[in-house]
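Here is a short report on one protein model. It covers the metal site, the cores, a helix end and the salt bridges.

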Amino acid sequence: MPRSFNIQNKVGLLGACLALAGADAQAGPPWRVDGGFPTNWSTLTVETRTLGQNLHFLHASGGNSLALSGPDGTVLVDPELAPAAPRLLAALQKIGADDVRFVIDTHYHSDHSGGNAFFRRRGAIVIAQASARARIAAGGHSIYWNQTSPPGAPDALPTLTFDRRIDLHVNGEDITIFHDDPSHTDTDSIVYFHHANVVHTGDIFLTRLYPYVDVPAKGTIDGYFPVLDRVLAMIDDRTIVIPGHGTPSNKAGLQAWRDMLKIVRDRVAGRIAEGQSLQQILAAHPSREYDDLWASNRVGPDDFVVMIYQSLTGKRLDWQPKR
Ligand SMILES: [Zn+2]
């Protein structure tokens, strides 16, 4: 079972495709340009990698996917953006995993749940936390991403919902899906494959991208720590940790992410406690030493700090990144 990876896949969120780097207001280079999601739907390449017996990592366009195949049918975690679903199915066919019986959405964002309708029409049961179903059904507008999602069609909605935890016992695997208090959104699920020792974190963890805290969907920076600590306590040094976007990682990578979030969060909190304004906090550049690794045009240093500031103060700033 391979335990190290070098998968160069695109990272991004919600399908906003940006052309230019958003230069930081204070100083420094324009941040790494992330091209967002590929949209060459008919020729889209699907990255596929075997993680263990009948368990595969896949990435087409959107979030990262996992597929567990076997006699009970395939379990697919995160069916990515809707137009990518046919390519995802073609990739699943190549590895003998196209009998998709269960889809699990790690959260409501369309880059993770967009393929729901495609797989539902082929007979899949779509499992998600109850709030994810409600948010997909409602649709909405993201000021941050300048993107509108229409209300979800009936066949795009999850068919089986849960509140805190549900377990799936198929193909000789025990899969625990659990939801904690809001962090990235109020719809997030962690998906843990016990025997394979693989966990999909959804967007609670990203490699090479600062978090997008979906404040309008009740996301909050302080919610990240309890759920990240819960995952860290569950896993070991051999666990493969699949982030919502970016390269598969491990416990050390997840710990480094958690530590970075906490340090930057605490710096912002300290300055708020001193009575500093948002402009003063931004000028202090509290994420400085982490920017080379995690900042990009999609979530730059200022964007990250503003999301923390909004979380801690309860202020809604309707912030839009400089693009
Ligand atoms: Zn997301």
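## Zinc site

The four donor atoms around the zinc ion subtend angles of 89 to 166°, so the arrangement is irregular. The protein donors are H107 (NE2), H109 (ND1), H184 (NE2) and D203 (OD), at 2.1 to 2.3 Å from the zinc ion. Donors are N, O and S atoms within 2.8 Å of the metal (3.2 Å for Na, K and Ca); water is not among the atoms, so sites may look incomplete.

Along the chain, the donor spacing reads H-x1-H-x74-H-x18-D. H107 sits in the loop between β5 (100–104) and α2 (110–113), and D203 in the loop between β13 (198–200) and α5 (221–234); they are 96 residues apart. Helices (H or I, at least four residues) and strands (E, at least two) are DSSP runs, numbered from the N terminus. H107 is buried at 0% relative accessibility. D203 is buried too, at 1%. Buried means under 20% relative accessible area, exposed over 50%, partly exposed in between (1.4 Å probe, protein chains only).

## Basis of the model

This is a predicted model: local features need pLDDT of at least 70, side-chain atom pairs need 80 or more, and totals for chains, interfaces and linings use all residues. Residues are numbered from 1 along each chain as its sequence is written, and side-chain values use heavy atoms, without hydrogens or water.

## Nonpolar cores

The largest nonpolar core holds 44 residues, of which W257, M260 and L261 touch the most other members. A core joins buried Ala, Val, Leu, Ile, Met, Phe, Trp, Tyr and Cys residues through side-chain atoms within 4.5 Å. Helix α5 gives the most to this core, with seven residues. A second, separate core of 22 residues includes L51, L68, F162 and L168.

## Salt bridges

The whole structure has 14 salt bridges. Each pairs a side-chain nitrogen of Lys or Arg with a carboxyl oxygen of Asp or Glu within 4 Å. E289 meets R267 with closest N and O atoms 2.8 Å apart. E289 lies in the loop between α7 (278–284) and α8 (291–294), whereas R267 is in helix α6.

R164 and D180 also pair, at 3.6 Å between the closest N and O atoms. R164 is partly exposed at 39%, while D180 is buried at 16%.

Notes. Tetrahedral: all angles 85-135°; square planar, octahedral: opposite > 155°, others 65-115°.
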